[in-house]
Amino acid sequence: RSSQQGADSGNGSPSSAAAETPSSEDFSLSLLDTNLPAEAETELRSFIIKRLTKGALFEGMGNVASVGLSIPEYRVGCYYCRFQQENLLEMATVESDTNNAPEYVVCFLGGSEKEDTFRLELDRYIQSLKINLDLEQKTLETYVNPYFRSWFENAICPIQRVVQLFQEKLAFLLHAALSYTPVEVKNADERTEKDISRFLAAASLQGLVQEGTMTSLCIAMTEEQHKSMIIDCSGPQPQLHNAESNRFCEDWMHAFVNGAEGGNPFLFRQILENFKLKAIQDINNLKRFIRQAEMNHYALFKCYMFLKNCGSGDILLKIVKVEHAEMPEARNVVTVLEEFMRE
């Protein structure tokens with residue numbers, strides 16, 4: 001599916017091929033579906049064959065590379081992923097005959113290698129395809145082909161759509177994501193509800209902070225029912241109830257809103273990654289100050305000043321309180337900081 005817009009717009013074009021791979025030295029590629037011109041499709045096929053020959057494609061794990069195609073006449077970013085149909089994979093595993101199960105390679109083409117910032121989203125997109133893929137032509141036309149055509153809208157654009165929908169209210173969504181506040185979405189269509197869920201997952205510190213910390217935070221926030229944030233999408237603008245924010249999230253909200261003028265989904269993703277990176281840096285700084293404050297009263301004052309000035313003291317205190325729950329000295333420091341912040 002060739003892009004109708006220029007590559008600089010960030011739009012993408014998909015191409016897909018079915019590959020039967022009895023071994024890395026003996027395989028054939030047959031075209032299942034594409035919207036690329038014949039010459040470009042041949043060039044892409046050549047690239048995929050080289051990757052397969054080198055054994056560089058692992059099942060279910062996407063890769064991103066720069067590929068030279070004659071149309072357009074410069075290099076484009078290509079996400080490519082090899083996979084087997086889910087139910088056939090299970091059958092083949094039972095029969096110990098995985099070599100005879102057909103395999104597929106899906107390629108999504110965009111304007112640059114920026115697709116790498118969305119690699120996890122595209123991996124999940126392929127996982128959903130694996131589960132629903134059927135070789136019957138009827139299913140190919142009614143499900144698989146439309147699924148390919150909507151990859152950019154469904155996997156790349158949700159963050160952009162949420163920014164455009166919430167505008168200044170995005171600060172409350174960022175706060176909920178950082179603090180793991182439960183969020184209930186009401187009266188929203190299916191796509192909007194999924195977009196909000198994806199944004200919250202992408203903006204959270206999952207994978208960046210200790211897993212036990214996240215679990216404890218989720219439990220603590222779920223138990224505080226009055227902390228649950230409700231988003232009502234019945235009107236033209238979402239209405240938020242029990243919403244909280246802080247200066248940190250409001251500052252980053254402005255970065256998102258200002259970036260909305262360009263309408264580039266890759267820019268929004270980069271802003272989101274920078275937002276999380278800054279939050280992690282602040283958490284690590286606070287932890288260092290707390291370690292120092294266990295033996296130094298002046299460091300305790302530094303902790304307090306840091307929490308007061310960072311703009312996100314409310315969330316940071318909750319995170320370090322959970323992480324230091326089993327450390328008596330550090331827990332005492334956190335307790336004193338809580339009292340200071342309340343006063």
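You're looking at a predicted model, where local features need pLDDT of at least 70, side-chain atom pairs count only at pLDDT 80 or more, and totals for chains, interfaces and linings use all residues. Residues are numbered from 1 along each chain as its sequence is written, and side-chain values use heavy atoms, with hydrogens and water left out.

Let's start with the whole thing. The protein has 14 helices and 8 strands; these are DSSP runs numbered from the N terminus, with helices being H or I of at least four residues and strands being E of at least two. Of its 343 residues, 47% count as buried, meaning under 20% relative accessible area with a 1.4 Å probe, protein chains only. The protein exposes about 17200 Å², and carbon and sulfur atoms supply 51% of that (areas from the Shrake-Rupley method with a 1.4 Å probe). Now take contacts, meaning heavy atoms within 4.5 Å: among those between residues at least 6 apart in sequence, 67% join residues at least 24 apart.

Next, the largest pocket. A pocket here is an open set of points on a 1 Å grid over the protein atoms alone, where a 1.4 Å probe fits, with protein on both sides within 12 Å along at least five of seven lines; lining residues have an atom within 4 Å of a point. About 760 Å³ of space lies in this one, the volume being the space filled by probe spheres set on the points. Its lining counts 29 residues, and Leu120, Glu121, Arg124, Ala155 and Arg198 lie nearest the centre. Helix α8 gives the most to the lining, with 7 residues, while α3, α5, α6 and α11 are among the helices that each supply at least two. The lining divides into 10 nonpolar, 6 polar and 13 charged residues, where Asp, Glu, Lys and Arg count as charged. Both domain 1 (38–86 + 101–134) and domain 2 (165–342) contribute at least three residues each, with domain bounds from an automatic or database assignment.

Now look at helix α7, residues 170–179. It is mostly covered, with 9 of its 10 residues buried, among them Leu170, His175 and Ser179.

Finally, find Glu41 in helix α1 (residues 38–53). Glu41 counts as buried because its relative accessibility is 11%. Leaving aside residues up to four places away in sequence, Glu41 touches Leu31, Thr34 and Leu36.

Definitions and conventions: Buried means under 20% relative accessible area, exposed over 50%, partly exposed in between (1.4 Å probe, protein chains only).
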